[in-house]
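This report describes one protein for a reader who is new to structures. Please look at the sequence and the model before reading on.

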Amino acid sequence: SWCATNIPPGVLSQQSFSIFVMAVEATPKPQDEGVVLALESAAASLTELTDIEEYYFGPDKDAKKQAAFETVLACVDTAMACTEAPGSVTSAKANIIKGRALCQMPGKDSEAEDLLGKALKLEPRLVDAWNALGEVYWNQGHYKQARNIFEQAIDICGPNSVSLRGLSMVLRALDGDEFIKSSNFTTALQKAKEATVLGPNDPLNWETLGNAYMGEFFVNGKHWEELNKALLAYNKAEQAYEKMGKHNPFLFLNRAEAAKFVEDYDIALKSYQSAGEIGATRGVQEYDKVVSLVKMVGNLISRRADMKNKKLKEVIDGLLPSCATLQQFRKKEANGRPIGARVIQLIDRKDECPVLVVCTDSTGEFFCLSIYNAEQAKIAESVFPLQTALEISKPHFRMIQATVKGAEVAYPCIRIAHPGDLNIPGIGSLSAAAVKAAFTSSKATTSETPEPPPSTKPVMSEAVEAALEAAAAVDGVSTSTAPTEEANGTI
């Protein structure tokens with residue numbers, strides 16, 4: 001009627017008039033504005049609910065969650081009451097918000113699954129619905145369904161960091177034979193790299209990448225630098241969390257595990273402490289364990305196991321003069337000879353790796369021998385304190401340094417990648433003590449999940465490698481500082 005009154009005849013064509021009318025009808029009306037505002041409030045309350053679930057650990061956590069959850073539901077109900085006939089997009093968004101809120105509450109997964117399924121029927125190109133449904137299946141432990149959902153999200157809506165991140169997590173959780181697991185872990189690392197490229201400011205992407213590097217190392221026997229890359233990815237995640245004013249205890253726990261494995265006890269202690277400070281009980285427990293371990297090994301070495309000179313002379317007598325001493329090795333005067341040592345004490349760590357053995361060389365210098373990819377029980381069957389002599393090939397020296405409750409602890413350490421690098425004179429190598437390699441990287445050649453097109457895969461990898469190298473430069477770390485031999489066994 002406005003057009004008929006104000007526009008002269010013949011000025012507006014029929015086609016232009018139709019377009020004009022459609023534009024007017026699409027303009028938000030007071031009723032639609034109420035829907036938009038209510039859904040925005042619901043989304044804000046959903047963010048609050050998610051943050052409470054992920055980052056809050058106070059004693060009133062359940063009460064805060066319930067309050068935020070009820071606010072989400074009230075806002076969604078208000079939005080739907082603001083319109084007599086909500087469109088498909090409005091209904092789908094309301095179902096997504098409500099479904100994601102239900103996903104945060106215990107015992108509500110089935111209701112969440114139902115609402116998210118309805119949202120996808122209304123609007124199959126809403127990526128948030130796909131990702132939320134994948135999360136529901138993940139929470140339920142239905143990993144095959146979760147994988148299908150994340151893959152469909154990528155196929156239908158295009159690559160996005162949340163779907164790629166979820167797919168990386170699911171691939172590492174799927175069961176299968178050796179070939180499938182090895183292949184899945186390799187693909188999971190690639191998907192995590194792609195997620196960080198698409199979402200470089202999202203801490204969850206970097207945290208997932210760190211976990212993927214850890215998995216690739218342990219499952220597929222990759223090089224040591226994979227663990228350094230995991231630590232760098234965790235550092236990137238922490239920086240991103242700090243910018244958001246958030247702290248994730250699981251990030252600190254994962255980083256502590258990686259650091260403890262490579263015997264970077266300073267990082268391990270700081271990470272466990274940080275996890276404990278924000279509510280992770282396990283962080284406090286593991287912190288105390290690392291403190292006890294470092295102090296015990298440090299004291300054994302600094303005090304030479306409280307051994308009298310006469311007893312020590314008896315212990316080192318008989319070590320082969322053809323072997324090198326620790327000092328000769330450190331001064332690069334070993335000339336390819338193995339280090340000769342006598343076992344003093346095997347540290348009881350149960351199934352933890354590396355296996356730690358306190359030893360002395362022929363000069364009476366004590367050090368810690370760290371044996372990777374070995375079973376503690378099998379090492380214990382083969383070496384005997386104050387008796388067994390060892391010839392250590394392919395050694396890597398490192399000075400272990402850590403600040404333990406304000407006190408500096410330092411001791412020399414020799415690391416070997418495989419028990420086969422140890423030889424007992426007259427008996428032979430300790431290869432039989434190796435952990436069985438469950439999977440090998442050579443099997444990771446195909447996957448049920450298609451690889452990215454050749455034109456995009458190198459770009460993704462190079463971008464992530466560049467980011468990690470930049471982080472290493474800032475942190476004063478090199479991704480090639482650790483030994484680069486390929487692990488012959490996995491844990």
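At roughly what angle do the axes of helix α9 (residues 161-173) and helix α11 (residues 203-220) cross? The axes of α9 and α11 cross at roughly 25 degrees and come within 10 Å. Details of this pair follow below.

## The model and its overall make-up

This is a predicted model, in which local features need pLDDT of at least 70 and side-chain atom pairs count only at pLDDT 80 or more, while totals for chains, interfaces and linings use all residues. Residues are numbered from 1 along each chain as its sequence is written, and side-chain values use heavy atoms, with hydrogens and water left out.

The protein has 19 helices and 8 strands. Helices (H or I, at least four residues) and strands (E, at least two) are DSSP runs, numbered from the N terminus. Of the 491 residues in the protein, 46% are buried. Buried means under 20% relative accessible area, exposed means over 50%, and partly exposed lies in between (1.4 Å probe, protein chains only). Contact means heavy atoms within 4.5 Å. Among contacts between residues at least 6 apart in sequence, 64% join residues at least 24 apart.

## The sheet

In which order do the strands of the open sheet lie? The order of the 8 strands is β5-β6-β3-β2-β1-β4-β7-β8, and the pairing is mixed. The edge strands are β5 (396-404) and β8 (428-429), each of which pairs on one side only. Two strands pair if DSSP finds at least two bridges between them. In general, strands of a sheet pair through backbone hydrogen bonds, either parallel or antiparallel.

Strand β1 (residues 339-346) has 7 of its 8 residues buried. On one side, β1 pairs with β4 in the antiparallel sense over 4 bridges; here Ile339 stands opposite Ile392, and Ala341 has Leu390 as its bridge partner. Strand β2 (residues 355-360) is also joined to β1 by 4 bridges, and the two run antiparallel. In that pairing Leu346 stands opposite Val357. Val357 also has a bridge partner in β3, namely Leu369. The pairing of β2 with strand β3 (residues 366-371) is antiparallel and has 6 bridges.

Helix α15 (residues 281-302) packs on the sheet and touches β1, β2, β3, β5 and β6 (407-416). The direction of α15 makes about 80 degrees with that of β6. Axes are lines fitted to C-alpha atoms, for helices over the stretch in contact, and angles run from 0 to 180 degrees between N-to-C directions.

## Strand β4

Strand β7 (residues 422-424) pairs with β4 in the antiparallel sense over 2 bridges, and Glu391 has Asn423 of β7 as its bridge partner.

## Two helix pairs

The α9 and α11 axes cross at roughly 25 degrees, so these helices are roughly parallel to each other. Angles under 35 degrees count as roughly parallel, over 145 as roughly antiparallel, 65 to 115 as roughly perpendicular and the rest as oblique. The crossing of α9 and α11 is left-handed, meaning that the near helix is turned anticlockwise from the far one by less than a right angle, whereas clockwise would be right-handed. In α9, Ser161, Arg165, Ser168, Met169 and Arg172 meet Leu204, Asn205, Thr208, Asn211 and Ala212 in α11. By class, this contact has 3 nonpolar, 5 polar and 2 charged residues. Ala, Val, Leu, Ile, Met, Phe, Trp, Tyr, Cys and Pro count as nonpolar, Asp, Glu, Lys and Arg as charged, and the others, Gly among them, as polar.

Helix α4 (residues 61-81) and helix α5 (residues 88-103) pack at an angle of about 170 degrees, with their axes 10 Å apart. They are therefore roughly antiparallel to each other. Residues in this contact include Phe69 and Val72 of α4 and Ala94 and Ile97 of α5. The contact of α4 with α5 has 9 nonpolar, 2 polar and 2 charged residues.

## Two single residues

Met169 lies in α9 and is partly exposed, with a relative accessible area of 28%. Not counting residues up to four places away in sequence, Met169 touches Trp138 and Thr208.

Arg255 belongs to helix α13 (residues 249-261). Arg255 is buried, with a relative accessible area of 7%. Leaving aside neighbours within four places in sequence, Arg255 is in contact with Leu231, Tyr234, Asn235, Glu238, Ile267 and Ser271.
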